[in-house]
Amino acid sequence: MTETCTTTKRFALGQIVITPNALDHLDPADIGACLRRHACGDWGNLDPHDVTENERSLQAGFRLLSAYTDRHGTRFWIITEADRSYTTILLPEDY
């Protein structure tokens, strides 16, 4: 997994939480790298429409979603709430 974020944070992450399932399946280094990517607006593996929605949501103060794949091929999401109070790391089946 390559970390591509070289800019500063674009928004606050708030309290970071992770589902037990995600904690059991994801590598901690991948989690940290992807949290940094998420915070600087590298939304990961999203289609162009969802990237555009995230950029709008960033300006309007709505929820932000990123999708990543860890070193073992496990897909996971990072969601920051609209009020930026919480960021949750979860697997799609945890939603």
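Figure 1. Arginine 84 is buried, with a relative accessible area of 15%; buried means under 20% relative accessible area, exposed over 50%, and partly exposed in between (1.4 Å probe, protein chains only). This is a predicted model, in which local features need pLDDT of at least 70 and side-chain atom pairs count only at pLDDT 80 or more, while totals for chains, interfaces and linings use all residues. Residues are numbered from 1 along each chain as its sequence is written, and side-chain values use heavy atoms, with hydrogens and water left out. Arginine 84 is placed in the loop between β3 and β4; helices (H or I, at least four residues) and strands (E, at least two) are DSSP runs, numbered from the N terminus. The phi angle of arginine 84 is near 60°, a positive value in a residue other than glycine.

**Figure 2. Surroundings of phenylalanine 11 and the nonpolar core.** When neighbours within four places in sequence are left aside, phenylalanine 11 is in contact with His38, Ala39, Trp43, Leu58, Leu64, Thr80 and Arg84, contact meaning heavy atoms within 4.5 Å. Phe11 also belongs to the largest nonpolar core, which has 21 residues. Such a core is a set of buried Ala, Val, Leu, Ile, Met, Phe, Trp, Tyr and Cys residues joined through side-chain atoms within 4.5 Å. The residues with the most contacts inside this core are Phe11, Leu26, Leu35, Trp43, Phe76, Ile78 and Ile89. At least two core residues come from each of α2, β2, β3 and β4. In soluble globular proteins, nonpolar side chains tend to be buried together.

Figure 3. An open sheet is formed by 4 strands in the order β1-β4-β3-β2, with mixed pairing; two strands pair if DSSP finds at least two bridges between them. β1 (15-18) and β2 (64-69) are the edge strands, each pairing on one side only. On average, neighbouring strands of this sheet are turned by 15° against each other, direction ignored; axes are lines fitted to C-alpha atoms, for helices over the stretch in contact, and angles run from 0 to 180 degrees between N-to-C directions. Over 4 bridges, β1 pairs with β4 (residues 86-90) in the parallel sense. Valine 17 has threonine 88 in β4 as its bridge partner.

**Figure 4. The salt bridge between glutamate 55 and arginine 10.** The side chains of these residues, glutamate 55 and arginine 10, meet at 2.8 Å, N to O; a salt bridge is a side-chain nitrogen of Lys or Arg within 4 Å of a carboxyl oxygen of Asp or Glu. Because glutamate 55 lies in helix α3 (residues 48-60) and arginine 10 in the segment before β1, the pair ties together parts that are 45 residues apart in sequence. Glutamate 55 is partly exposed at 28% relative accessibility, and arginine 10 is partly exposed at 37%. By this rule the count comes to 5 salt bridges.

Figure 5. Aspartate 27 forms a salt bridge with arginine 71, with the closest N and O atoms 3.4 Å apart. Aspartate 27 lies in the loop between α1 (20-25) and α2 (28-39) and arginine 71 in the loop between β2 and β3 (75-80), so the pair ties together parts 44 residues apart in sequence. Aspartate 27 is partly exposed at 21% relative accessibility, as is arginine 71, with a relative accessible area of 47%. Arginine 71 also forms a salt bridge with aspartate 30, the closest N and O atoms being 2.9 Å apart. Since aspartate 30 lies in helix α2, this second pair ties together parts 41 residues apart in sequence. Aspartate 30 is buried at 2% relative accessibility. Shared partners join Asp27, Asp30 and Arg71 into one network of salt bridges.
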